[in-house]
Amino acid sequence: MKKSFFTLEHTRQLTEDIWELIFSGDTSAVTAPGQFVNVELPEKFLRRPISICDWTADSLTLLVKEAGEGTRQLVRFPSGTRFDVLSGLGNGFDLEQAGEHAILAGGGIGIAPLYGLARRMAERGHAPVVALGFRTKTDTFYLEEFSALGCRLLIATEDGSLGTKGFVTDCIRSLPECDYVLTCGPLPMLQAVHSLPQLKGGQFSFEARMGCGFGACMGCSVPTKGGYKRVCKDGPILDKEEIIW
Amino acid sequence: MVNLAVSLAGVTLKNPIIPASGTFGYGREYAELYDLNILGSFSWKGTTGQARLGNPQPRIAEMTGGMLNAVGLQNPGIDKVLSDEVPHIAEIFQGPVIANVGGFSVEEYAENCRKLEDVKQVRILEVNISCPNVHAGGKNFGCDPKAAAEVTKAVKAATNKPVFMKLTPNVTDITEIARACEDAGADGLCLINTLLGMRIDLKSRRPVIANRTGGVSGPAVFPVALRMVWDVYEAVNIPIIGCGGVSTAEDAVEMMLAGAAAVEVGAANLKDPYACKTIIETLPDVCQRLGVTNLSQLTGGAHHG
Ligand SMILES: Cc1cc2nc3c(=O)[nH]c(=O)nc-3n(C[C@H](O)[C@H](O)[C@H](O)COP(=O)(O)OP(=O)(O)OC[C@H]3O[C@@H](n4cnc5c(N)ncnc54)[C@H](O)[C@@H]3O)c2cc1C
Ligand SMILES: Cc1cc2nc3c(=O)[nH]c(=O)nc-3n(C[C@H](O)[C@H](O)[C@H](O)COP(=O)(O)O)c2cc1C
Ligand code: FES
């Protein structure tokens, strides 16, 4: 973990309520895709945890959905604004565990950390299959970005306005050879993915309300088969086998 | 040169700044960030006889100027702390440690303190009496002067270490509890613990915290804590650790002027993991600006007869 300042360089609106924010700053504490940052906001006591979508040595990309007051503020700051950020938090995805037939599955804003993951998998010579679920066509984002990595993309929308009508689980079912999943999204989606019989293993990214984000307060801990774990420090990625719903 | 050293019931701290229980774990996470030896002391996570899993999620909520928590005393239990945390603490911090102890019966408090008797690095026991008494229908020990005194007596009989009773602010008159602890033999007091509060989510129309209520802490409680330290300072003759909403060196000085001999910093560490380090580094400047050469002389300095 590192505490340092990041400067907002560029904001781009992706959908009605989702924005891409690009910052400059020192990302040396970031070690794996799936980690997150904890961003201080003016007049808010607690920091806001946001997944790392992508990073280079001196830039950081976040995708932020307007969920409440803090995120509504965050996406509206002018370029040049400086933020106090704790970076490199959490365990991140373990690429070594993902075998030949791994699939990345994301729902809504949960696709953010999957992009950085897909890019690193592509750089290692194997662009993964990516299944993304949205409510409707106008909610989709980052499709070209994933395609540009060379990923095979499967899209599901609940109303069928783009891709398969249904859920991301329907996409995974259509590829029975996929036996390992790396996934992030809303809880009901994670639960549905977890119950797919074709999966031998997987890594699931969780959310929790956080006090600190770096393991000190026990505000975020959840029961797992291996005892209580802190989503912020022992997670946010939990192994399929240890999850208790 | 400013002398930052203070004394708590005979234990010398190189400065009055102490991370508060529950916001510093057993030191591990912060030791990755800075050398803990700059601290006056640190108060470890409230430790109970048995391991506790704590409350269901969500446990955290936010408010203007602070936060609420209902962690529910999640801790590994005293035996595991003795075997796994105490040896590790010795590696990351060589100063005096304050052991925060929880309990759900008078016997449990005494037993937990007895187990700490041989841990040399633990120089002060901080007894958190904001816990429900399982033998009295779950009524908080800290809300009843008789129960608070009983815990104090039992713990004093079980240990030779200085005993500081940590008081809850959720009472009509905190000086009554403070006096009861002093009369029962407490060597000092620590106040305040969190204030009981709640938040409701407007969309779901349900409490944000699964436990419904949680403890309020952070800058917003500072004036409340300050006032209680002031009142208790006038009521007792034992040293007070002031706690509640402190986030700057100026806050720490103000807390001492109200009557605190040392100062604990809680929620501020969660927002800024370097909060205690920054406070310690700015204290000399603040003292110099105020013409203070000996920090310990500030204690109670705002009481003029
Ligand atoms: C590990 C992790 C990664 C995340 N990654 C992203 C991301 O990449 N993009 C994104 O848009 N959002 C992400 N979130 C969710 C994001 O943190 C919340 O939407 C945000 O904190 C809401 O703040 P607010 O002020 O807008 O909402 P408010 O409702 O005003 O927030 C009030 C309080 O509740 C907390 N809170 C509210 N919703 C959540 C939530 N879903 N999870 C955790 N805390 C919450 C806030 O942090 C704050 O303390 C992530 C959350 C976690 C835990
Ligand atoms: C997340 C959290 C956990 C806490 N856990 C404990 C605890 O285990 N034992 C205890 O005596 N106090 C506990 N406290 C209370 C603090 O030690 C302190 O008394 C209180 O938060 C007020 O100080 P502050 O405003 O600086 O945070 C906890 C506070 C927080 C925020
Ligand atoms: S949020 Fe503090 S331990 Fe995870």
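A polar side-chain atom of Arg209(A) lies 2.5 Å from an oxygen atom of ligand 1 in this predicted model. Such a polar contact is a pair of N or O atoms within 3.5 Å. An N or O atom in the side chain of Arg48(A) is 2.8 Å from an oxygen atom of ligand 1. Ser51(A) uses its backbone: a polar atom there is 2.9 Å from a nitrogen atom of ligand 1. Around ligand 1 there are 21 residues (one heavy atom within 4 Å). Those that come nearest are Pro49(A), Lys65(A), Thr71(A), Glu207(A) and Arg209(A).

This is a predicted model, in which local features need pLDDT of at least 70, side-chain atom pairs count only at pLDDT 80 or more, and totals for chains, interfaces and linings use all residues. Residues are numbered from 1 along each chain as written, chains are lettered from A and ligands numbered from 1 in written order, and side-chain values use heavy atoms, without hydrogens and water.

In chain B, helix H3 (residues 106-115) packs against helix H4 (residues 145-158) at about 30 degrees, with axes 8 Å apart. Helices are DSSP runs of H or I, at least four residues; strands are runs of E, at least two. Axes are lines fitted to C-alpha atoms over the stretch in contact, and angles run from 0 to 180 degrees between N-to-C directions. H3(B) and H4(B) are therefore roughly parallel (angles under 35 degrees). Contacts (heavy atoms within 4.5 Å) involve Tyr109(B) and Cys113(B), among others, in H3(B) and Val151(B) and Ala154(B), among others, in H4(B).

A cis peptide bond joins Gln57(B) and Pro58(B), with omega about -10 degrees. Pro58(B) lies in the loop between strands S4 (42-43) and S5 (60-63) of chain B.

Key:
Angles under 35 degrees count as roughly parallel, over 145 as roughly antiparallel, 65 to 115 as roughly perpendicular and the rest as oblique. A polar contact is a pair of N or O atoms within 3.5 Å; within protein, one must be able to donate a hydrogen and the other to accept it, and residues adjacent in sequence count only if both atoms are side-chain atoms.
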